[in-house]
Amino acid sequence: MQALVLAGLLLLIQACVRGGETAKPTNDPELAASSCLEGLDLQRLDEALNHCNAVVKGHPGNPIPLTDRSLIHTLIGRDDEACADVKQASALLAKGDQRHDPMLKHELTVRQQSCKQRATMAGNG
């Protein structure tokens with residue numbers, strides 16, 4: 001239940017973050033950096049993950065698709081993969097020379113804390 005509430009809040013944050021996106025445009029509108037969660041159907045998470053994998057591959061230096069994919073991993077129950085995406089997105093954001101919406105940084109900070117708490121509770125932290 002807690003994961004579902006968290007997922008709902010993250011979806012709401014994602015909607016707010018998209019307004020300040022500074023991603024480079026791509027020729028394929030299906031692979032826009034912010035397209036991972038567009039039209040998300042909770043009954044078809046595997047399809048959403050496949051689409052998001054393509055978006056991540058199409059935007060390797062952009063933290064936004066990784067952030068979005070981490071949410072999909074969380075919804076599927078793949079917490080290790082979600083935390084790996086958060087770690088990679090945070091690293092890209094830290095070394096990047098692009099300006100990103102402050103909400104993206106905040107969102108990643110919250111997710112990093114959640115990953116650390118999960119690792120601590122599992123005895124891995």
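Buried means under 20% relative accessible area. Cys-36, at 2% relative accessibility, therefore counts as buried. The legends below describe a predicted model.

**View 1. The overall fold is built from helices.** The protein holds 5 helices and 0 strands. Read from the N terminus, its elements run α-α-α-α-α. Of its 125 residues, 35% count as buried. The accessible surface is about 7700 Å², and 54% of that belongs to carbon and sulfur atoms. Take the contacts between residues at least 6 apart in sequence: 62% of them join residues at least 24 apart.

**View 2. Cys-36 and Cys-52 form a disulfide.** Searching the whole structure gives 2 disulfides. In this one, the sulfur atoms of Cys-36 and Cys-52 are 2.1 Å apart. The torsion about the S-S bond is about 95°, so the disulfide is right-handed. Cys-36 sits in the loop between α1 (2-17) and α2, while Cys-52 belongs to helix α2, so the pair ties together parts 16 residues apart in sequence. Cys-52 has 0% relative accessibility and therefore counts as buried. Cys-36 is buried too, at 2%.

**View 3. Cys-83 and Cys-115 form a disulfide between two helices.** Their sulfur atoms are 2.1 Å apart. Here the S-S torsion is about -100°, so the disulfide is left-handed. The bond links distant parts of the chain: Cys-83 lies in helix α4 (residues 79-95) and Cys-115 in helix α5 (residues 102-121), 32 residues apart. Both Cys-83 and Cys-115 are buried. With the bonded cysteines numbered in sequence order, the pairing of the protein reads 1-2, 3-4. A disulfide is a covalent bond between the sulfur atoms of two cysteines.

**View 4. Helix α3 is largely enclosed by the rest of the structure.** Of its 14 residues, 11 are buried, which is why α3 counts as largely enclosed. The buried set is Pro-63, Ile-64, Pro-65, Leu-66, Thr-67, Asp-68, Arg-69, Ser-70, Leu-71, Ile-72 and His-73. The length checks out: at 1.5 Å a residue, the 14 residues should span 20 Å, and the end C-alpha atoms of α3 are 20 Å apart, which agrees.

**View 5. The ends of α3 have their own features.** Asn-62 caps the N-terminal end of α3. A side-chain oxygen of Asn-62 lies 2.9 Å from the backbone nitrogen of Ile-64. After α3 comes Gly-77, with a positive phi near 100°.

**View 6. Pro-60 lies in the loop that leads from α2 to α3.** The loop runs between α2 (45-58) and α3 (63-76). Is Pro-60 buried or exposed? At 60% relative accessibility, Pro-60 counts as exposed. The C-alpha atoms of Pro-60 and Ala-89 are separated by 9.9 Å, although the two residues are 29 apart along the chain.

**View 7. Arg-69 is a buried residue of helix α3.** Its relative accessible area is 14%. The cut-off for buried is under 20%, so Arg-69 qualifies. Which residues does Arg-69 touch, not counting those up to four places away in sequence? They are Leu-49, Cys-52, Asn-53, Val-56 and Asp-85.

**View 8. The largest nonpolar core has 9 residues.** Its members are Val-56, Ile-64, Leu-66, Val-86, Ala-89, Leu-92, Leu-93, Leu-104 and Leu-108. The elements giving two or more residues to this core are α3, α4 and α5. Helix α4 supplies the largest share, 4 residues. A second, separate core has 8 residues, including Cys-36, Leu-37, Leu-49 and Leu-71.

**View 9. Val-86 is a member of the largest nonpolar core.** Leaving out residues up to four places away in sequence, Val-86 touches Ser-70, Leu-108, Arg-111 and Gln-112. Among these, Leu-108 also belongs to the largest core. Ser-70 is one of the buried residues of α3.

Notes
Residues numbered from 1 in each chain as written. Predicted model: local features only at pLDDT ≥ 70, side-chain atom pairs only at ≥ 80, totals over all residues. Heavy atoms only, no water. Buried < 20%, exposed > 50% of the residue type's maximum accessible area, 1.4 Å probe, protein only. Disulfide = S-S within 2.5 Å. Expected span 1.5 Å × (residues − 1). Polar contact = N/O pair within 3.5 Å; in protein donor to acceptor, adjacent residues only side chain to side chain. Contact = heavy atoms within 4.5 Å. Areas by Shrake-Rupley, 256 points an atom, 1.4 Å probe, with all protein chains shown as cover. Core = buried A, V, L, I, M, F, W, Y, C linked by side-chain atoms within 4.5 Å.
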